[in-house]
Amino acid sequence: MSSFFARRFGFNRSRKKDIPGGLWSKCPSCAEMLYQEDLIKNLQVCASCGHHFPMGREQRIAMFCDPESFVEWDAAMVSEDPLEFTGTDSYVAKLKKNQEKTGYADAVSIGKGTLEGMPIGFGAMDFSFMAASMGSVVGEKITRLIENSTEEDMPVVLVCASGGARMYEGMLSLMQLAKTSGALARHAEKGLPYIPILTHPTTAGVMASFATLGDVIVAEPQALIGFAGPRVIKETTLQDLPEGFQRSEFLQDKGLIDQVVPRAELRPLIVDLLQAFMAARNPA
Ligand SMILES: [Zn+2]
């Protein structure tokens with residue numbers, strides 16, 4: 001609705017009176033009005049059509065780690081401003097704004113927890129912090145998650161989401177692709193499993209490194225997953241893109257994703273997979 005109509009007829013004001021802010025969310029897929037409390041209970045999935053809403057890191061931790069078991073590592077690690085982006089849109093200002101908005105120092109939380117009693121290294125990327133872009137802090141924390149887990153003989157489960165590399169850090173951002181991939185290779189050498197869970201959206205540098213290097217690559221339904229965006233691909237190849245292009249179901253058909261799993265089924269699946277991998281590693 002244009003601001004003219006809103007002003008002229010006061011539609012926005014009367015709607016706000018009827019629906020107290022924060023109590024209801026409208027499903028972007030089926031337009032159903034969903035009561036916030038029900039949505040939380042349903043793991044942020046629309047009960048009417050199955051649309052998966054974005055999920056914050058606390059909820060991801062609660063989903064995968066046994067209650068009170070998660071211990072966060074390096075929560076206070078913050079980025080430098082290596083390229084000295086200045087002005088009103090400076091990197092420092094942008095970081096500060098996102099830190100105040102989310103209460104976190106950067107776009108990923110990592111640590112150690114237990115899943116059905118099994119010790120795991122666990123991380124969750126959070127799209128609400130600068131589109132979960134990967135700079136040196138995100139890359140370093142994911143590397144430490146993998147390296148600490150390697151040392152402690154733990155599998156790694158990582159919920160991925162990202163808009164790509166963080167342009168404010170230039171090459172330091174791109175270095176994280178190689179660094180995280182190297183750490184995963186050493187983790188795999190010890191026979192330890194790594195399962196990335198790809199959520200909407202997982203793109204660019206993250207998709208081209210640790211998000212797609214899992215022993216089993218799992219994705220949530222309808223997640224956008226890809227390297228370059230569809231417009232860039234279309235303009236480069238001069239071809240029409242097939243329907244459903246870059247969605248998890250399409251990528252499962254093509255073999256990039258092993259399994260598309262509704263959110264409610266993720267935890268039991270990860271438990272089964274990790275138990276099978278760890279039993280194969282240490283036969284009784
Ligand atoms: Zn819906």
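**Entry 1: the strands, starting with a hairpin**

I began with β4 and β5, which run antiparallel and are joined by 8 bridges. This is a predicted model, so I kept an eye on confidence throughout. Across that pair I found Leu 115 bridged to Met 118 in β5. The hairpin leaves 2 residues between the strands, and Glu 116 takes a positive phi near 50° there.

Is β5 enclosed or open? I counted 6 buried residues out of its 8, so β5 is largely enclosed by the rest of the structure.

Next I followed β5 to its other partner, β6. These two run parallel, with 4 bridges, and Gly 123 has Leu 158 in β6 as its bridge partner. To get from β5 to β6 the chain passes through helix α6 (residues 136–151), and I noted this β-α-β crossover as right-handed.

**Entry 2: on to β7**

From β6 I moved to β7 and found 6 bridges in a parallel pairing. Again a helix makes the link: α7 (residues 170–189) carries the chain from β6 to β7 in a right-handed β-α-β crossover. Ser 162 sits opposite Thr 202 in β7.

How many of the residues of β7 are buried? I got 10 of 10.

I also checked what else β7 pairs with. Strand β8 (residues 218–219) lies parallel to β7 over 2 bridges, and Leu 198 is partnered there by Ala 219. Strand β9 (residues 225–226) is parallel to β7 too, with 2 bridges; in that pairing Thr 203 goes with Gly 226.

**Entry 3: the core**

I then looked for the largest nonpolar core, which has 51 residues. The members touching the most other members are Met 125, Ile 142, Val 157, Cys 160 and Leu 198.

Leaving out residues up to four places away in sequence, Cys 160 touches Met 125, Pro 196, Ile 197, Leu 198, Thr 199, Thr 202, Val 206 and Ala 211.

**Entry 4: a helix over the strands**

Helix α11 (residues 263–281) was next. Its 19 residues reach 27 Å from first C-alpha to last, close to the 27 Å expected at 1.5 Å a residue. Which of its residues are buried? I found Leu 266, Ile 270 and Leu 274. Then I recalled the general rule: an α-helix has 3.6 residues a turn, so residues three or four places apart point the same way. Covering the buried residues of α11 are, among others, α4 (57–64), β4 (108–115), β5 (118–125), β6 and β7 (194–203).

**Entry 5: an exposed spot**

For contrast I looked up Asp 89, in the loop between β3 (71–73) and α5 (91–102). Why does Asp 89 count as exposed? Because it has 9 other C-beta atoms within 10 Å, and the cut-off for exposed is 12 or fewer. I also took a distance: Asp 89 and Phe 64 are 25 residues apart along the chain, and their C-alpha atoms are separated by 36 Å.

Last, confidence. The chain averages a pLDDT of 90, and 91% of the residues score at least 70. Residues 1–19 fall below 50, and this stretch has 7 contacts in the model beyond near neighbours in sequence. Where pLDDT is low, the predicted coordinates should not be read in detail.

How values were computed
Residues numbered from 1 in each chain as written. Predicted model: local features only at pLDDT ≥ 70, side-chain atom pairs only at ≥ 80, totals over all residues. Core = buried A, V, L, I, M, F, W, Y, C linked by C-beta atoms within 7 Å. Buried ≥ 20, exposed ≤ 12 C-beta atoms within 10 Å, placed from the backbone. Contact = placed C-beta atoms within 7 Å. Expected span 1.5 Å × (residues − 1). pLDDT = per-residue confidence, 0-100. Pairing = 2+ DSSP bridges. Right-handed = clockwise from strand over helix to strand, strands pointing away.
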